[in-house]
Each structure stands twice: as C-alpha cells, then as structure tokens.
Amino acid sequence: MAKLTIPAEEGVCPGNLGCPGCGANLVMRYLLKALGNDVILSVPACCWAVIPGYYPNSSLKVATIFSAFEATGASISGLRAAFDVRGKKDVTIVGFAGDGGTADIGLQALSGAAERGTDAIYVMYDNEAYMNTGVQRSSSTPEGAWTTTTPGGKKQLWKRGEKKNMMEIMVAHHIPYAASVSVGFPEDFVRKLQAAKREKGLRFIHAFSPCPPGWRHDPSKTVEIAKLAVETHIFPLFEVRHGKYILTKKGAGLPVEEYLRRQGRFSHLTAEEVKAIQKKVEVNWELLNRTASVMTDELY
Amino acid sequence: MRKVMTGDHAAAYAARLSRVQVVPAYPITPQTAIVEKLSSFVANGELSARMIDVESEHTAMAACISAATAGARTFTATSSQGLALMHEMLFWASGSRLPIVMAEVSRALAPPWSIWADHLDVIAERDTGWIQLFCESNQEVLDSIIMLYRLCEMQRVLLPAMVIMDAFILSHTLEPVQIPGQHRVDEFLPPYAPGTLLEPGSPSLFGSVAKPDEYMEFRYGMDVAMREAARLLPEVEEEYRRKLGRSYGGLLENYRCDDADVVLIANGSVVSTARQVVDQMRAEGKKVGLGKLRTLRPFPSAEVNGLIGGKAAVGVLDRSYSFGSGGALFSEIRGAAYGRSGSPRIKDYVAGIGGRDVTPEVLRGIYEDLLSGRGGESDVAWVDLAGGPLIRNAEGGG
C-alpha cells in the first residue's frame with residue numbers, strides 16, 4: 001500500500017455552508033492541503049462566495065478577496081502586481097472560480113491574465129452548471145444533461161452540444177502548466193497542485209466537482225461518481241507541462257452507462273443517446289491519447 | 001518647473017508625482033495619452049510602478065480593486081464607453097472603501113459615435129459612491145489628482161474619486177502647467193498605508209455576504225464618509241495651498257456672485273469661458289455672477305444655497321441630459337434649493353452636448369435670458385440647437 005501523501009493540515013473548517021456531499025468543498029480542501037494556507041484566494045460569484053459563511057464569519061483559514069462574477073482573471077492580475085511592488089513575489093495567488101465564472105462570463109479576463117503571463121494559479125471547479133443560482137446550464141454542462149434551463153419537455157431538448165473544452169483553450173495560450181484533477185483521486189489532485197506551485201506564470205487547473213443537488217445523485221456518491229467519470233474516460237486526468245501532454249490515469253475504460261445511470265440529470269437518456277455519448281467519449285479519448293507523449297498511472 | 005502640456009499629460013504627471021504603484025489601464029480616445037505617458041515613465045524608470053495591460057476597462061477597475069485591497073496605491077484612466085463598462089466595478093471599489101483615483105475624460109456616449117465633450121458618462125455614474133470632481137484647467141487636473149489621493153486615503157473618507165476633464169477641450173489642449181517638485185508632493189502626500197490589508201497567513205474575507213441586518217450599516221457608513229469628504233476637501237486644499245501654492249475654492253467657487261442679480265452655475269472647461277463673459281458683462285454694468293461647481297459628489301447643498309439665496313434668477317448649465325426630465329445639475333441644484341426662503345427661480349440650460357462649442361456668444365445669450373426674466377412653460381431649455389432660437393424650451397408631450 002502506498003504511503004499517504006496528502007498533508008494533514010486543513011484550510012477549510014467544518015460546519016460551513018456547503019451542501020451535503022459537495023464536491024466543491026473537497027476541491028477547496030485538497031487545494032489548500034496542497035498549497036498551504038499562506039495563499040491569497042480570489043473568489044468571484046459562485047458557490048464558494050457563499051460556502052465560507054456570512055459576514056463576519058469565515059470557515060476558511062486563508063486571506064480571501066471576493067470579486068465580481070467575470071473578474072477573477074482581473075483580480076489575480078491586480079493582486080500579483082500589488083504583492084510584487086510590495087516585494088512579496090513569493091506569495092501564491094489563487095483564482096478560484098466555477099465553470100460559469102470561467103468558461104462563460106469570466107473567459108475574457110482569464111484569457112487576458114494568461115496572455116499577460118500573470119503569475120498565479122487559476123482553479124476552475126467544474127460542477128457543470130450554474131449551481132449557486134439553482135442549476136442553470138453553462139457552456140460546461142455536458143451534452144444530454146437536464147438543467148432548469150434545459151428542462152426537456154415536448155419541444156425543448158436537453159443540453160445540446162459538447163461542453164466547452166477549457167483545457168484546450170488554456171493550453172492554446174501556451175501557459176506553463178495545465179492539469180485536470182478530480183475529487184475522486186486526491187493524491188493525483190494534490191501532486192498536480194504542488195507541481196503547479198513550482199511553475200511561474202499562469203497555471204490552470206480544471207477540477208471535476210460533482211454536485212449532488214444539481215446532478216441529482218445521493219450525497220454519499222460524490223466520490224464514487226467522480227471516480228467513474230475518470231474510469232469511463234468522460235473526464236480524463238492529464239496534465240500539460242510546457243505543451244507536453246501527460247495522461248496521469250489510464251482508467252478502466254468502463255461503459256459511460258456506468259457513470260450516467262447514477263445521476264438523475266441523465267435519467268431521461270435513451271439507449272441510443274447513451275450510445276452516441278459513448279461514441280464521442282471514445283473519439284475524444286483517442287484524440288487525447290494520440291496527443292499524449294506519456295501515459296502512466298505511476299508518474300509520481 | 002513650468003511646462004506646456006495637455007490635460008492628459010497633466011494627469012500622467014500627477015500620477016507619477018503621487019508615486020502610484022499599480023496602473024491597470026485600457027486605451028480609449030481621448031484618454032490614451034495618459035496611459036501612453038505613464039507607460040513611457042515606467043519604461044524609462046521615471047516611475048516605479050506596475051502597468052497591467054488589461055483587455056478591458058472592466059478588468060482595469062477590477063484589477064485596481066484587488067491591487068488596492070492588497071495595499072498598492074492604484075491609478076487608472078478612462079472615458080465614455082469605458083467608464084460605462086466599468087459601471088459594475090465602480091460600485092465594488094466604493095463598497096470596498098478603496099481610495100482609487102481615476103482620471104476620467106468626459107466624452108459623449110454612442111450612438112451616434114461621438115468622441116467629444118459631454119458629461120453624460122459621468123452623470124450616469126453619479127450614484128456609484130465615487131467622489132466626482134470636475135476640472136476647469138490642466139493645472140487643476142494635476143493638482144486635483146494629488147489632492148484627492150490625500151483626501152481619499154484619509155481614514156474618515158476611504159472612498160474612490162474620479163478627476164474629470166472635458167474631452168479634447170482639456171485632454172488635448174496645451175496649457176502652461178506648473179509641475180511641483182517631487183519632495184514637495186512627498187511632504188503633502190504620505191505613502192499609502194491602509195489599516196486593513198489582505199495578507200497571506202492572515203485569515204480574512206474581503207467582500208463577503210452581509211445579510212439584511214448588516215448590509216444597511218455599510219451603506220450608511222459610505223454616506224458618512226462622503227459627507228466627511230465634503231467637510232475635509234477644503235482643509236486638504238488649504239494644506240495644498242500652503243505647501244504647493246494653489247487652491248480652487250473648495251466644492252463651489254464663487255466668482256463675482258456676491259452682488260450679482262443673476263448667477264449661472266456651471267462645471268468643467270466651460271467655466272473659463274464663462275469667467276470672461278462675466279467680466280465683459282460686468283464692464284457693461286450688468287450684475288452677473290458665476291458659480292463653479294467642482295464636486296457633483298459629494299454635492300455641496302449648503303454652499304449652493306449660500307451662493308444663490310436672494311438672487312433674482314439662477315441658471316444651470318448642463319452638459320448632459322436625463323431624457324424626459326432635465327439636466328442632472330439642474331435637478332440637484334433645484335432639489336437643494338427647494339423650500340428655502342429667498343430661493344430664486346432656477347432655469348436649466350442644456351448646452352455643449354456631444355462637443356458642441358459653448359462660445360462666449362452662447363453664454364452671453366444665457367445671461368441675457370436670465371436677466372430678461374423670461375419664463376415660459378418649461379424651466380428646461382436646450383441651447384443653440386440647429387435651426388431655431390438660441391434658447392429653446394424643452395417641449396413635447398403634455
């Protein structure tokens with residue numbers, strides 16, 4: 001059995017406002033375990049604008065600034081500049097935003113921060129919809145999913161089109177480091193964040209973050225579902241170091257059905273629709289494998 | 001040192017003299033020369049600051065907010081569409097109680113496209129919790145930026161401020177400007193030292209959720225601060241005058257109003273033209289005066305009443321318009337005067353929209369209209385519209 005590599009220190013206190021089984025709570029927990037509590041966190045409108053608690057309380061052990069929905073990329077650039085002029089160049093700045101705040105309304109500012117080479121870590125915790133406002137679709141909602149704005153019905157269809165590929169968008173900015181992580185694989189998560197911390201420039205983390213109320217699954221199944229997303233190749237774990245792709249989990253290649261049928265948001269899918277999703281997942285997995293120069297479960 | 005320079009360059013020199021540390025900025029005509037000059041100061045090592053080349057004005061202001069929270073003195077500049085794009089973050093800056101100072105080149109909003117002087121961009125941000133100060137000259141731009149850093153960083157104020165200059169009329173017009181020595185500015189303006197600071201290892205939340213039993217007190221605190229700013233601005237100006245030799249008459253300058261029968265209240269660059277008209281008409285024996293409104297926020301209600309009380313008529317020159325109502329300065333001034341004994345008739349003159357020249361002849365026409373005691377069905381008049389009389393009452397509807 002491998003030695004446990006996850007630091008014991010906690011940055012997130014219990015009793016916060018997260019829902020039972022909240023994946024985003026685990027994302028923050030592993031993030032702060034990996035980076036330590038001496039970071040500066042910048043959080044826009046998202047679930048994590050509420051989870052820390054109401055004024056004057058906080059369940060976070062780190063200095064945190066909140067900003068407007070679309071402003072995380074801007075905020076981390078401002079923070080970096082201020083700490084640099086104050087002679088504190090070693091302070092780690094972390095932008096921490098949801099998928100809506102990253103792939104939709106915050107994409108411009110994030111692209112700007114990447115192009116400017118802002119020395120910071122940007123984490124997108126991806127629960128695949130606007131969950132804080134009550135499950136509306138985002139550009140990161142997967143094809144076929146139910147949300148309150150893709151409700152199905154006689155004429156309306158479910159979410160159409162694939163989710164936006166944020167990893168490829170960020171890699172196209174030629175940033176030094178990008179990685180996908182999952183709360184189903186905490187060791188891999190923590191190691192990637194520690195690797196990100198060693199780099200300079202903008203580093204991007206795509207964190208898979210199941211949401212029991214939005215995905216309609218039992219709160220006790222969060223980790224199981226996160227694991228299945230990797231094992232079915234729906235959410236591959238990989239990193240891109242200075243343009244070099246490294247797959248960090250092969251995954252068992254289970255049928256997507258195993259992942260989809262555990263969530264109410266996919267319960268309406270027909271066998272044919274599931275088949276179509278299976279096909280797309282296989283194509284994407286094949287593409288990623290062709291791009292990757294290394295494929296290993298034993299990288300670290 | 002005395003140099004001939006534009007209003008844009010005066011703003012850049014003021015930022016340099018204020019030793020700003022972080023400058024996130026995005027270019028927009030006619031503000032560009034401010035950013036260009038600051039970039040060259042930094043490139044030449046004449047200013048030790050971080051420029052952040054942002055991808056929008058929204059990001060410029062958002063970056064200012066985070067940088068100021070992390071303890072840096074921040075500066076930016078914008079105009080018109082850019083200010084409108086910042087709108088959301090303007091509230092964020094004031095609500096976070098950050099002493100950000102911004103040069104704002106007031107310019108018309110599209111459509112139709114217009115890059116010329118107009119105050120609607122500024123008026124539309126009146127309620128964002130920013131101090132708004134209009135300038136008459138390039139020298140006033142330079143001095144005001146330095147003065148406002150001093151004012152805004154006071155613990156009793158802690159609000160952001162915009163220093164406003166008219167597009168092209170100031171931003172691109174050369175005027176002689178006295179540049180104070182750095183050591184004299186340093187004596188006036190100490191380094192930025194915020195009491196509360198975002199620091200690693202110091203758990204704290206900046207801008208978290210406040211419930212209804214907390215939120216209102218934050219807003220009340222902002223109003224107290226804004227009223228403190230009104231009280232403290234003349235004191236800051238007096239200190240500036242002692243140390244650097246210039247002042248501008250507080251929130252509302254009285255120019256030949258004491259024995260005047262009629263008074264015109266105006267702001268921005270048109271004030272300097274109006275001074276000449278007042279002098280000429282005084283020479284002709286006409287008792288006219290001029291009030292120069294420097295701050296729209298805080299609004300100097302008491303000063304306005306002190307200036308206009310007992311006059312036969314008061315005109316307000318508005319370089320913007322609220323459609324279906326009237327000019328913003330007019331409604332502010334009439335609101336302040338309402339119910340006071342001896343409060344005069346107040347008439348709104350909407351002029352200079354979209355950069356239309358407000359000439360001495362136009363201003364004379366306004367004074368003559370005031371002196372004539374002419375009324376009309378409306379207290380709001382548009383001035384110098386094409387193909388009509390000089391003064392045309394607002395009309396339409398019922």
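Colleague: Which residues is Ile145(B) in contact with, leaving aside its neighbours within four places in sequence?

Modeller: In this predicted model, the contacts of Ile145(B) beyond four places in sequence are Ala11(B), Ala14(B), Ala15(B), Ser18(B), Val101(B), Ala103(B) and Val163(B).

Colleague: And which residues touch the most other members of the largest nonpolar core?

Modeller: Ile145(B) is one of them, together with Ile205(A), Leu148(B) and Val163(B); the core has 232 residues. Domain 1 (2-244) and domain 2 (252-393) of chain B each supply at least three residues to this core.

Colleague: Let us turn to those domains. How many residues of each are in contact with the other?

Modeller: The contact involves 24 residues of domain 1 of chain B and 19 residues of domain 2 of chain B. On the domain 1 side, the elements giving two or more residues are helix H5 (120-123), strand S6 (131-134) and helix H8 (212-244) of chain B. By class, that side of domain 1 has 15 nonpolar, four polar and five charged residues.

Colleague: What separates the centres of the two domains?

Modeller: Taken over C-alpha atoms, the centres of domain 1 and domain 2 of chain B are 28 Å apart.

Colleague: Now the contact between the chains. How many residues does each chain give?

Modeller: Chain A gives 37 residues and chain B gives 39 residues. On the side of chain A that touches chain B, strand S1 (40-43), strand S2 (63-66), helix H2 (72-85) and helix H4 (107-115) each give two or more residues.

Colleague: Which of these gives the most?

Modeller: H2(A) does, with ten residues. The side of chain A that touches chain B is made up of 21 nonpolar, ten polar and six charged residues.

Colleague: How is S2(A) joined to S9(B), parallel or antiparallel?

Modeller: The two strands run parallel, and three bridges join S2(A) to strand S9 (residues 204-206) of chain B. Within this pairing, Thr64(A) stands opposite Leu205(B).

Colleague: A last topic, chain A by itself. How many helices and strands are there?

Modeller: Chain A has ten helices and nine strands. Its radius of gyration is 18 Å, close to the 19 Å of the globule rule for 300 residues, so chain A is as compact as a globular protein of that length. Along the principal axes, its C-alpha atoms fill a box of roughly 60 × 45 × 40 Å.

Colleague: What share of chain A counts as buried?

Modeller: Of its 300 residues, 54% count as buried. Among the contacts in chain A with a separation of 6 or more, 69% are between residues 24 or more positions apart.

How values were computed. Residues are numbered from 1 along each chain as its sequence is written. Chains are lettered from A and ligands numbered from 1 in the order in which they are written. This is a predicted model: local features need pLDDT of at least 70, side-chain atom pairs count only at pLDDT 80 or more; totals for chains, interfaces and linings use all residues. A nonpolar core is a set of buried Ala, Val, Leu, Ile, Met, Phe, Trp, Tyr and Cys residues joined through C-beta atoms within 7 Å. A residue is buried if 20 or more other C-beta atoms lie within 10 Å of its own, exposed if 12 or fewer, and partly exposed in between; C-beta atoms are placed from the backbone. Domain bounds come from an automatic or database domain assignment. Two residues are in contact if their C-beta atoms, placed from the backbone, lie within 7 Å. Helices (H or I, at least four residues) and strands (E, at least two) are DSSP runs, numbered from the N terminus. Ala, Val, Leu, Ile, Met, Phe, Trp, Tyr, Cys and Pro count as nonpolar, Asp, Glu, Lys and Arg as charged, and the others, Gly among them, as polar. Two strands pair if DSSP finds at least two bridges between them. The radius of gyration is taken over C-alpha atoms; the globule rule is 2.2 Å times the number of residues to the power 0.38.
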